[in-house]
Amino acid sequence: MLRNFCNVAIILSMFFISSCMQDFNYNQKNATVQTIENFVVTEMQGGQIKTVLNSDMAVIKESEQVAFLTNPTVKFYDNGKYSATLTAKTGQISLDTNNVKAIGECKVVTVKNEILETSDVVYDHIKEKVYSDNDIKITKDNDVIFGKGFESDTKLKNIVIKNQRIIID
């Protein structure tokens, strides 16, 4: 009788531990989302700042290796000197590649006050390029250039505009 009782107690204990482990694993799977306010990512290369990304808030989904951003701002630097800023309403950064996708009323403003406006912009971290396939507007001094799609360095110095038309004032 005592032996049967011990066997039942052992089986119940194993069942209890097993159910606790299942709850623990379930909670670990659901704990892969983090929310961070005042999210900042600084990228350095050769001891010099390359980019600084600021966001009011980031929701990080570790399982997808992506952070969803609110009001992101990316400041670009060339040889440690500030060169331009990218702003948007929302965006996301790949935690694997550090590529940034800015979404909604995007602007790139250079130190020379050249302004690029579009609905979304992608920053390719490796190529150090920004690009979009959407309608764009670029303002340089009194000239306004419209197009659909572009690719450029982050200073808007070497820019390729697809389907462009120019308005000269």
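Modeller: Tyrosine 82 has a relative accessible area of 37% and is therefore partly exposed (buried means under 20% relative accessible area, exposed over 50%, and partly exposed in between, with a 1.4 Å probe and protein chains only). The model is predicted: local features need pLDDT of at least 70, and side-chain atom pairs count only at pLDDT 80 or more, whereas totals for chains, interfaces and linings use all residues. Residues are numbered from 1 along each chain as its sequence is written, and side-chain values use heavy atoms, with hydrogens and water left out.

There are 2 aromatic pairs by the rule applied here (rings of Phe, Tyr and Trp, the last by its six-membered ring, pair if their centres lie within 6.5 Å; planes under 30 degrees apart count as stacked, over 60 as edge-to-face and the rest as tilted). Tyrosine 82 pairs with tyrosine 77: the ring centres are 6.0 Å apart and the planes stand at 70°, so this pair is edge-to-face. Tyrosine 77 is also partly exposed, because its relative accessibility is 22%.

Serine 55 belongs to strand E2 (strands, E, are DSSP runs of at least two residues, numbered from the N terminus). Its relative accessibility is 3%, so serine 55 counts as buried. A polar atom of the serine 55 side chain lies 2.8 Å from the backbone oxygen of methionine 57. Leaving aside residues up to four places away in sequence, serine 55 touches Asn38, Phe39, Leu69, Thr70, Asn71 and Pro72, where contact means heavy atoms within 4.5 Å.

How values were computed. Helices (H or I, at least four residues) and strands (E, at least two) are DSSP runs, numbered from the N terminus. A polar contact is a pair of N or O atoms within 3.5 Å; within protein, one must be able to donate a hydrogen and the other to accept it, and residues adjacent in sequence count only if both atoms are side-chain atoms.
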